[in-house]
Structures are given as C-alpha cells and as structure tokens.
Amino acid sequence: MKSNSVIINRNNDLCYITFPKLLRCGVVRHTFSTRLGGVSSGQFSTMNLSFRNGDTRENVERNYEILCSAAGISTSHLVLSRQTHTNNVRIVTSKDCGTGYSKPSFEDVDGLITAESGVALVTQYADCTPLLFCDPVKKVIATSHAGWRGTVKEIGRVTVEKMKSEFGCEPGDIIAAIGPCIGPCCYEVDDPVYNEFAKLSVDLSGAFKEKSNGKYMLDLRLANRAILIDSGIKEENLDIADICTCCNSDELHSHRATAGKRGNLAAVIELL
C-alpha cells in the first residue's frame with residue numbers, strides 16, 4: 001500500500017493513516033486504521049474495530065486501545081454509532097463519551113459532530129467513504145460515513161450545513177479529508193445506482209465510467225469531492241486519499257474483496 005496524498009504511519013506491527021491538512025491545522029488528533037497491528041484473528045485479522053461482526057469484545061477493545069494510544073486518544077473519550085447508510089448527523093458532547101464503546105450505541109446515525117475537546121468521534125468502514133471535517137476557527141469537528149447511499153443522500157453536505165447552522169462554521173474555513181474507500185478500479189454498480197445519482201444537482205462529471213449492459217464503474221471519492229466543494233469547502237482545504245480498499249484488502253478491510261468476511265476500519269477524530 002502506497003500513497004502520494006496521505007501519510008502512512010508504521011510503528012512495529014501497527015499501521016495507520018493520517019491526513020496532512022488535518023495535521024497542519026493543529027487543533028485535532030486523528031487516525032484512520034488499517035487492518036494491521038491488532039490482536040484479532042481469522043477474517044478479522046488483525047485490527048478489527050467493529051463490535052457487531054462476530055469478533056470478541058475483548059479483541060475489539062484491545063484494538064481500540066492500541067490504535068488510540070498511537071494517536072494520543074483515550075478510549076474513554078470514544079463515541080460510536082450504529083451506521084445504517086442514512087444521512088443522519090448527530091451533535092454529541094462530553095456526556096456522550098463511551099457511547100457505542102462502554103454503553104449503548106446511537107442507532108441509525110452515520111455522522112457525528114462536536115464542538116467539545118476530549119470527545120473522540122468514530123465512524124467505521126469496509127469500502128465506504130470516510131469523511132472527516134475540522135473547522136479550526138470555530139473549533140468544531142465531524143466525521144461521516146458515506147457509502148453510495150450516504151453519498152447520494154449527500155451526507156457530506158448535510159454535515160457541513162449542520163456545522164454551519166449549529167455552530168456558525170464558515171464552509172470556507174473547514175478542513176476536510178476523504179479517506180480510503182473502494183476505488184473506481186473495483187466498484188461496479190448498475191443502472192439503479194446510476195439513476196439515483198443522476199437526480200443530484202451536483203456536477204458529477206467523471207464519477208461514472210459506463211461499461212456495458214447497464215453497468216458503471218463509480219468513483220465515490222470524486223462524487224464526495226464534488227459534493228463537498230459544492231457545499232463551500234475549498235479545494236485547497238481538502239485531502240483525498242489515493243488508496244483503494246479493495247485493491248489493498250491485505251492491509252485494509254474490504255467488504256467486496258472478501259464477500260463480507262471481514263472486520264471494520266475506523267476513523268477517529270478529537271479536538272485538542
């Protein structure tokens with residue numbers, strides 16, 4: 001696995017990804033996991049961060065401890081939700097710390113926002129698109145999970161608009177990152193998916209490459225980029241990972257590459 005756009009960090013067996021612009025903004029800790037450096041075995045090996053796919057709780061908690069320790073984040077600060085491909089985005093505070101980790105999860109929430117330090121927002125992936133946000137002016141962060149359904153529901157735009165309406169964020173101040181996801185090299189979709197995207201008012205030129213028999217190759221990164229820029233995020237404030245999870249399924253969990261026999265990756269972001 002190589003990249004010209006994100007930073008691949010290696011510490012003994014542990015491997016995790018960070019985003020240059022989020023690092024430079026100086027107000028967050030963050031990390032995006034790989035499948036390397038944890039304690040899980042079999043199809044979950046080794047860094048699985050889902051409590052819901054059959055791995056043991058002990059393994060998943062230990063994996064979070066390993067990953068979060070490398071990022072300087074306490075696991076007691078974590079906030080997780082049960083993601084169901086919605087565009088539901090929830091504001092959380094310090095009273096929500098531990099949700100989805102040591103106490104019951106939020107249900108049907110695919111995006112999290114906070115303006116409080118010491119609250120570590122977590123979203124999970126295995127081919128879907130990770131979106132991370134930081135407004136270093138208003139000190140507001142977010143992370144949202146965008147599979148094709150979340151993308152066509154414009155969860156990125158919903159997140160930006162909620163940061164603006166609830167906290168006064170200016171989209172032009174927001175630093176954003178699009179993390180590793182399944183790439184246009186591997187993500188074949190059909191007419192029903194294409195038709196849903198065709199309803200959007202955003203210019204998605206280049207996001208679909210037509211094949212034959214009603215099939216297309218979809219570039220989720222490009223689609224989310226277009227939505228974020230249309231939402232007011234500046235091109236120069238956006239990092240886009242150049243890594244396909246399916247092509248790199250030995251190092252990144254991929255639902256499509258493994259026919260669903262896999263663990264989950266996680267994005268974690270916390271205000272300093």
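Modeller: I begin at the end of a helix: just after helix 4, G168 takes a positive phi of about 75°. The model is predicted.

Biologist: How do you know that the length of helix 4 agrees with its number of residues?

Modeller: Helix 4 covers residues 155–167, which is 13 residues. At 1.5 Å a residue they should span 18 Å, and the end C-alpha atoms are 18 Å apart, so the two values agree.

Biologist: Which residues of helix 4 are buried, and what covers them?

Modeller: The buried residues are I155, G156, R157, T159, V160 and M163. Their cover includes strand 6, strand 8, strand 10, strand 11, helix 3 and helix 6.

Biologist: How many aromatic pairs does the structure hold, and what makes F51 and Y101 one of them?

Modeller: The search of the whole structure finds 8 aromatic pairs. The ring centres of F51 and Y101 are 5.8 Å apart, and the criterion asks for centres within 6.5 Å.

Biologist: Why is the pair of F208 and Y216 given its class?

Modeller: The ring centres lie 6.0 Å apart and the planes stand at 85°, so this pair is edge-to-face. Both F208 and Y216 are buried. Ring pairs also link them with Y194 and F197 into a cluster.

Biologist: How do you know that R57 lies close enough to F51 to count as over its face?

Modeller: R57 is at 4.1 Å from the ring centre of F51, and the distance limit is 6 Å. R57 also forms a salt bridge with E61, with the closest N and O atoms 3.1 Å apart; the limit there is 4 Å. Both residues lie in helix 2, 4 residues apart, about one turn of the helix.

Biologist: Are R57 and E61 buried, exposed or something in between?

Modeller: R57 has 42% relative accessibility and E61 has 26%. Elsewhere, salt bridges with shared partners join R52, R82, E107 and D108 into one network.

Biologist: What makes E251 and R10 a salt bridge?

Modeller: The N to O distance is 3.3 Å, within the 4 Å limit. E251 lies in the loop between strand 16 and helix 7 and R10 in strand 1, 241 residues apart. E251 is at 11%, so this residue counts as buried, whereas R10, at 52%, is exposed.

Biologist: What parts of the chain does the salt bridge of D239 and K21 tie together?

Modeller: The side chains of D239 and K21 meet at 3.2 Å, N to O. D239 lies in strand 16 and K21 in helix 1, so parts 218 residues apart in sequence are tied together. With 4% relative accessibility, D239 counts as buried. By the rule applied here, the count comes to 15 salt bridges.

How values were computed. Residues numbered from 1 in each chain as written. Predicted model: local features only at pLDDT ≥ 70, side-chain atom pairs only at ≥ 80, totals over all residues. Heavy atoms only, no water. Phe/Tyr/Trp six-rings, centres within 6.5 Å; stacked < 30°, edge-to-face > 60°. Buried < 20%, exposed > 50% of the residue type's maximum accessible area, 1.4 Å probe, protein only. Lys NZ or Arg CZ within 6 Å of the ring centre and 35° of its normal. Helix = DSSP H or I, 4+ residues; strand = E, 2+ residues; numbered from the N terminus. Expected span 1.5 Å × (residues − 1). Contact = heavy atoms within 4.5 Å.
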